[in-house]
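Good morning, and thank you for coming.

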There are 2 protein chains.
Amino acid sequence: MKKNIELFAAASALLLTPSLVSAAPAGPKTDSVAALRDKALEGDEVAYGIVEGLTTEIGPRQGGTQAEARARIWAVAKLKALGFDNVRVEEYQMPTWVRGAETAETISPFPQRLAVAALGNSGSTGDAGIEAEIVYFPTIDELRAAPDGSLNGKIAFVSHNMKATQDGSSYGAFGPARFVGPNIAAKKGAAAIVIRSIGTDHHRNPHTGNTNFDPGVTPIPAGALSIPDAENLERMIARGKPVRIKLKLTPQNIGMQTSGNVLAEVKGSNPKLPIIVIACHLDSWDLGTGAIDDAAGCGIIGAAALHLKSMDKPKRTVRLLWAGAEEVGIWGGRDYGEKHAGEPHALAMESDFGAGKVWAADFRLPASAAGLRAQIVAALAPLGVVPRRELAGGGADVGAIIAAQKLGIIDLQQDGTKYFDLHHTPDDTLDKIDKAELRQNVAAWAATLALVANYEGELKPEPAQ
Amino acid sequence: MKKNIELFAAASALLLTPSLVSAAPAGPKTDSVAALRDKALEGDEVAYGIVEGLTTEIGPRQGGTQAEARARIWAVAKLKALGFDNVRVEEYQMPTWVRGAETAETISPFPQRLAVAALGNSGSTGDAGIEAEIVYFPTIDELRAAPDGSLNGKIAFVSHNMKATQDGSSYGAFGPARFVGPNIAAKKGAAAIVIRSIGTDHHRNPHTGNTNFDPGVTPIPAGALSIPDAENLERMIARGKPVRIKLKLTPQNIGMQTSGNVLAEVKGSNPKLPIIVIACHLDSWDLGTGAIDDAAGCGIIGAAALHLKSMDKPKRTVRLLWAGAEEVGIWGGRDYGEKHAGEPHALAMESDFGAGKVWAADFRLPASAAGLRAQIVAALAPLGVVPRRELAGGGADVGAIIAAQKLGIIDLQQDGTKYFDLHHTPDDTLDKIDKAELRQNVAAWAATLALVANYEGELKPEPAQ
C-alpha cells in the first residue's frame, strides 16, 4: 500500500505542479519517450540475441579465463555490429582461482554421494580428499559462537533458512554462511567447511560464489552442497549418530591472468556534459552459461542504448560498461573506477539481477532533479513500475566510479523472487529467460535513458543526501 | 466430459440397481470403507516415513549393488516393525552394470562443457574418451532413416520434442530415442551416441535409464544430455558449422550380483482364496535418492496395507512385493513371476508413477465383478478419482505374474504431469514429495484394497476381455 500511495503522490505531483517539470531543463517530449518505451515493449530481439549469443557461442566465462577472453572478442564484434561508438577493451591483470575435481559423500552412518561445488577461493583437499566428522551449525551465528579450537580436524557444516524475496534482500540476510563462514571456520581450526547453498531452489545443483579469507588465514576447503543434499545431511544428523563425510575439492590458484572490460558508447551532442555510465558484467560463474547472471543485463542495457541511439542524438554520452571479472572480485568495476576517475561522470546505472521484470525504481538524485524524477516515474508507470523511498545504491561494477565521483544513481529494481533458484548454479541457462519480461526491462531502461541522457541539469546528489 | 459422464453412469448404476451390488458376494460395509479412506486422507505418516527413511538412510539403491542390499535389510526391518506377516527376502542373481566417470564437452566451434549421464548398458569410451563430429537427428525417425555406415566414426545426437502429459503417455511416444536409439546408431556404425534426456524439465540434470542392444551388437557409449545442454547443442548446430564433441563414459559390467525382492503380507481369513499382490520397486536409479521412483510407491502400498490390517481380517491375503532391480531390467518382477507361478493369485496392482494424486482408475476384471467395480468407483469418487474406459495394464513388477496367471488388474492412475521433470535424475529427492497428494494415494489404495480383499468372487477377467 505504501508503494501505491507514493506512486499516486508522484503522479499527482506531475499532474498538479507542471511548473516543476517546466522549470527543469528541456528534455525530449513525453510522447517520444512513450513511443520509444512502447516500441521496446512490443518487440526487441536485440536483448534476447545478446543472451542467446553469449550463452550459445561462449557459455561459462569466468573472470581471468580463456573463456572470458573469448567473450570479450564476441562482445566487441557484437557491439560494433550493433553500431555503437568507441567499442574497445580495457585490459587488466588479476589473480585467478579455478575449480578442480569435486566430490563429497557421507561415509557413515548412511553412505551416500552429495552434490557439492567448491566456493571461489576455496582451499584444496588434495587428490586424496579429507575424511572427517561433521560439526553441524544450523546458522552462521552458531558457528560464530563455537569456541576456538573446537573444530580442530572436523568439517563444519553451516546451514541457514533462506527464503525467496522479491527484492533479493534474503541474500544479504543469509549469504554470510558463504561470505564469511569459511573464514570463521578456518580460524576455529576446521579442516574444511560445507555450507547449504545460498539459494532457494530444490535441485541437485550447488550454488557457487566467492568466499574470502582474512590475510594470514590459510584458506580451507570450502564447498556448497545442493539444497536437497544439505537437507538430507540434516536429516542424517537428526538421527543422532556421528556423521562422517569425505570431501574432495582440488581447486587451484593459477596466478595473474588477463581480464578486461568492454566499453562502447552512444555519443552525446554536448561533450561538455558529464557522461552517464550504464553497466552489466560480461563474466559469469563457471557452472552455468550465465544467462541471467549477467548476459541478461548486457542484453538489457545494450538494447536500451540502441533504442536511445535511434532517437535524435542525446545531449549526454551514454557509455556501456560490460565489465569483466565481477563474480570473482569486481576486478572490472574497480579497474574502470581507477582508469576513469578523472573523466567527468554524472550518473550510473547497472543491470545485474537477472531478467525478471522491473517492479520498482529507486533514485539518488539532487533535489533540483525532482522534475526529471517525476518524468521518469510517469514514463515507467505504464510498465507497472513503482517508485520507492529507498535510496538507489547502484551495482557492483559501478561502485568504484560512484564512490570516486559521488554520482547520481537510478536503480531499476527487478523482481528477484526466482533469482536465487538459479544464481551461480549450472541451471543459469538460456531457457530461464522470459522474453516478455526481458522486453519490459528494455522498455524501462530505454525510457529512463531517453530522459536522463537529455537532461542537462545537475545529476549528482547533494553531499548531505 | 466423457469421464464425467462415465462417473455419473457408474454412480447411477450403483444407486439405481442395488440388485447388482447385492448379487455380489458380501464385502465390508460401505461406511467402514469410507471411514478407512477418510482416516488415511486426514493423516498418515507411514507412507511419508517410508520415503523419508529410504531416501535418508539408504539413498540411491541401484539393482545389484551394495546399496540395494542395504535397502533390503532396511525394508525387512521396516515391514516387520509395521507388523506385517511373513516378511522375507527372495534373492536372485543378475548381471550388473555400473556407472563410471562421465564428461562431455563441445570442442569446436564453441567450447563448452555439457552435462551428461551414461544410459544403463552403455558401452565405455575408455579413459581417453572419444572425440568426433556430431551427426544431428531431430527425431529418432530421422536416425532410423540414416543409411547404414553413414555414421561411421561419428557421434549421433538424437533429439525429440517430449512434452508433459498427465497420463505419462509421452514417455512411450518419445522414449524410443533412449530405448532403441543407441542400438540403431550402433548398427549404423556410430562411434557413440548422445540423446536429449527423456524428460520435460529444464535443469542441468540428465535423465538416465536403460537402453538395450540387440544380441551381437556391441554396445556403444551412450549418454543423455540434460535438456538445457541438448538445446544449447542444437543452437550450436543451427549455426551451420561442424560441431565436434569429446565424450568420456567409463561404465563397467561387474558380472553377476545378488539382488532380491522383499515380500510381506496381510494374512487373509480364507486361505483357499487366491491372493492379491500389490507392488512397488525398492531399487532406484543411481543418480537420485529414488523418492518418487519408487520409494513413494512402497510408502503408498505399505501404508494402505497397514490400513487394511487395521480392519477385521480380510478374506484374501494381500501380499506386498517390494521388488528389486526394476530399473535395470525388471529382474525382481520376473523372479517373482517364476517363483510364484504355481501359487494362485487373483489380482495385481502396482504403484510406480511417483507421488502425484490419483486421478483415474482403470480396471481389468470379469463382467461378474461389475458390482465390485461400482463399489470401488463410488469409494474413490470423493477423492476426485474418475473411472476410465481404458483397460488396466498393471505395472512392470507384476507383469510376469499377470502374464503367467491372467490376473485381474486395477490401476490407480497418478497424475504424471511433473513426473518426467524428475524421473531418473539426481533431482528425484524427498523434497519433491507432496504429503497431501501422498495421503490421497494411500486413501485411494486403502479403500480399493478393503473392497477387493474382501471380495470372494472371481477377479480374473474372461479370456476374451
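Predicted model: local features only at pLDDT ≥ 70, side-chain atom pairs only at ≥ 80, totals over all residues.

B:Pro109 sits in the loop between β2 (102-108) and β3 (112-114) of chain B.

Chain B has another cis peptide bond to show you, the one joining B:Asp293 and B:Asp294, where omega is about 15°. Where does B:Asp294 lie? B:Asp294 belongs to helix α11 of chain B, a helix to which I shall return. In general, most peptide bonds are trans, and most residues other than glycine have a negative phi. A:Ile330 is not a glycine, yet its phi is positive, near 55°. A:Ile330 is found in the loop between β12 (318-323) and α12 (331-339) of chain A.

Let me now turn to helix packing. Two packed helices are described by the angle between their axes and the distance between the axes. In chain B, the axes of helix α11 (residues 291-310) and helix α16 (residues 435-452) come within 8 Å, with a crossing angle of roughly 45°. The two helices, α11(B) and α16(B), are therefore oblique to each other. The crossing in which α11(B) passes α16(B) is right-handed. On the side of α11(B), the contact residues include B:Ala296, B:Gly299, B:Ile300 and B:His307. On the side of α16(B), they include B:Leu438, B:Asn441, B:Trp445 and B:Ala450. What is the division of this contact into nonpolar, polar and charged residues? It comprises 13 nonpolar and 3 polar residues, and no charged ones.

Chain A has an α11 and an α16 (residues 435-452) as well, and their axes also come within 8 Å and cross at roughly 45°. Hence α11(A) and α16(A) are oblique to each other, and their crossing is right-handed. Among the residues that make this contact are A:Ile301, A:Ala304 and A:Leu308 of α11(A), together with A:Val442, A:Ala446 and A:Leu449 of α16(A). The contact of α11(A) with α16(A) divides into 13 nonpolar residues, 3 polar and no charged.

Helix α11 (residues 291-310) of chain A also packs on helix α4 (residues 45-58) of chain A, where the axes come within 7 Å and cross at roughly 145°. The crossing of α4(A) and α11(A) is right-handed. By class, the contact of α4(A) with α11(A) has 13 nonpolar and 3 polar residues, with no charged residue.

I move on to the domains of chain A. The domain assignment gives domain 1 (2-97 + 256-452) and domain 2 (100-250). Taken over C-alpha atoms, the centres of these two domains of chain A are 34 Å apart. How many residues of domain 1 of chain A are in contact with domain 2 of chain A? There are 19, and they meet 18 residues of domain 2. Helix α15 (residues 419-422) of chain A gives the most to the domain 1 side, with 3 residues. That side of domain 1 has 8 nonpolar, 7 polar and 4 charged residues.

Finally, the two chains together. The contact between them takes 20 residues from chain B and 21 residues from chain A. On the chain B side, α4 (45-58) and α10 (227-238) each supply at least two residues. Of the elements of chain B, α10(B) gives the most to this side, with 5 residues. By class, the side of chain B that touches chain A has 6 nonpolar, 8 polar and 6 charged residues.

How are the copies related? A rotation of 180°, with 0.0 Å of shift along its axis, superposes chain B on chain A with an RMSD of 0.0 Å. The two copies are thus related as by a two-fold rotation axis. Moreover, 100% of the interface residues of chain B are also interface residues in chain A, so the copies meet through the same surface.

Methods: Residues numbered from 1 in each chain as written. Chains lettered and ligands numbered in written order. Axes fitted to C-alpha atoms, helices over the stretch in contact; angles between N-to-C directions. Helix = DSSP H or I, 4+ residues; strand = E, 2+ residues; numbered from the N terminus. Parallel < 35°, antiparallel > 145°, perpendicular 65-115°, else oblique. Left-handed = near helix turned anticlockwise from the far one by under 90°. Contact = placed C-beta atoms within 7 Å. Nonpolar A, V, L, I, M, F, W, Y, C, P; charged D, E, K, R; others polar. Domains from an automatic or database assignment. Least-squares fit on C-alpha atoms with pLDDT ≥ 70 in both.
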